[in-house]
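Come along while I look things up one at a time.

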Amino acid sequence: MTSLIPSLWNDPNKTFMSLQKEMDRLFEDFGRKLPAGSPFAGGFPSVNVSETDTGLELTAELPGVAEKDIDVSVSDRTLTLKGEKQEEKTVDEKDRHVSERSFGSFRRVMTLPFAPKKDGIEAHMDNGVLTVILPRPEETGPQAHKIEVKRKG
């Protein structure tokens, strides 16, 4: 039995179907169209996270960002890096030939594998690289506990 109400979604010649296809294509292509050097291609700032004997060490590339413009915070297992890269001077657009450097606010949020020991967290800058030391707490989570299985009765 065919419906007396026309379907706007199933007919490929209808507007809604073509709109849906275009939206799907847009979201599929979103990440692929960013240039490799774009600060948003892999997330900004670029970070490395390494496990150490005592916890984690995170390094983030922040060239041109002053220490006073960086905010590092930890809440439970969430680490947040945010700040702002200030432009040194204002250049009139008619005088600008090439503009590849980015300026403005940034924010990067990461989930950590454990909640670090709060009193041992350290952060410092050296040559445009932020290093954050996140010490592992004494207990990193629930310990495995063997439970004996018995016959009922």
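This is a predicted model: local features need pLDDT of at least 70, side-chain atom pairs count only at pLDDT 80 or more; totals for chains, interfaces and linings use all residues.

**Entry 1: a charged pair side by side.** Then I looked for its partner and found a salt bridge between the side chains of Lys-68 and Asp-69, at 3.3 Å from N to O. Is Asp-69 buried or exposed? Asp-69 has a relative accessibility of 18% and counts as buried, because the cut-off for buried is under 20%. I noted the general point that side chains of opposite charge can pair when their charged atoms come close.

**Entry 2: a pair between two strands.** Next I asked which residue Asp-71 meets in a salt bridge. The answer is Lys-82, with 3.9 Å from N to O. Asp-71 sits in strand β3, residues 70-75, and Lys-82 sits in strand β4, so this pair ties together parts that are 11 residues apart in sequence. I checked the accessibility of both partners. Asp-71 is partly exposed at 36%, and Lys-82 is partly exposed at 36% as well.

**Entry 3: a longer link.** I then turned to Glu-138, which forms a salt bridge with Lys-117; their closest N and O atoms are 3.5 Å apart. Where do the two lie? Glu-138 is in the segment after β7 and Lys-117 is in the loop between β5 and β6 (122-126), so the pair links distant parts of the chain, 21 residues apart. Glu-138 is exposed, with a relative accessible area of 69%, whereas Lys-117 is partly exposed at 31%. For my tally, the structure holds 4 salt bridges.

**Entry 4: the nonpolar core.** How many residues does it have? I found 16, and the ones with the most contacts inside it include Leu-58, Leu-62, Ile-70 and Leu-130. Four strands are listed as giving two or more residues to this core: β2 (55-61), β4 (78-85), β5 (104-111) and β7 (129-135).

Entry 5: I picked Leu-130 and left aside its neighbours within four places in sequence. Among its contacts I wrote down Leu-58, Ala-60, Leu-62, Ile-70, Val-72, Leu-81 and Met-125. Then I moved on to Thr-131, which is found in strand β7. Thr-131 counts as buried at 13% relative accessibility. With neighbours within four places again left aside, Thr-131 is in contact with Glu-57, Leu-58, Thr-59, Glu-122, Ala-123 and His-124. Leu-130 also has Leu-58, Thr-59, Ala-123 and His-124 among its contacts.

**Entry 6: two positive phi angles.** Last, I looked at the backbone. Phi of Asp-76 is near 55°. Asp-76 is found in the loop between β3 and β4, and at 56% relative accessibility it counts as exposed. What is the phi of Asn-127? It is near 55°, a positive value in a residue other than glycine. Asn-127 is found in the loop between β6 and β7, and at 76% relative accessibility it is exposed.

How values were computed:
Residues are numbered from 1 along each chain as its sequence is written. Side-chain values use heavy atoms; hydrogens and water are left out. A nonpolar core is a set of buried Ala, Val, Leu, Ile, Met, Phe, Trp, Tyr and Cys residues joined through side-chain atoms within 4.5 Å. Buried means under 20% relative accessible area, exposed over 50%, partly exposed in between (1.4 Å probe, protein chains only). Contact means heavy atoms within 4.5 Å.
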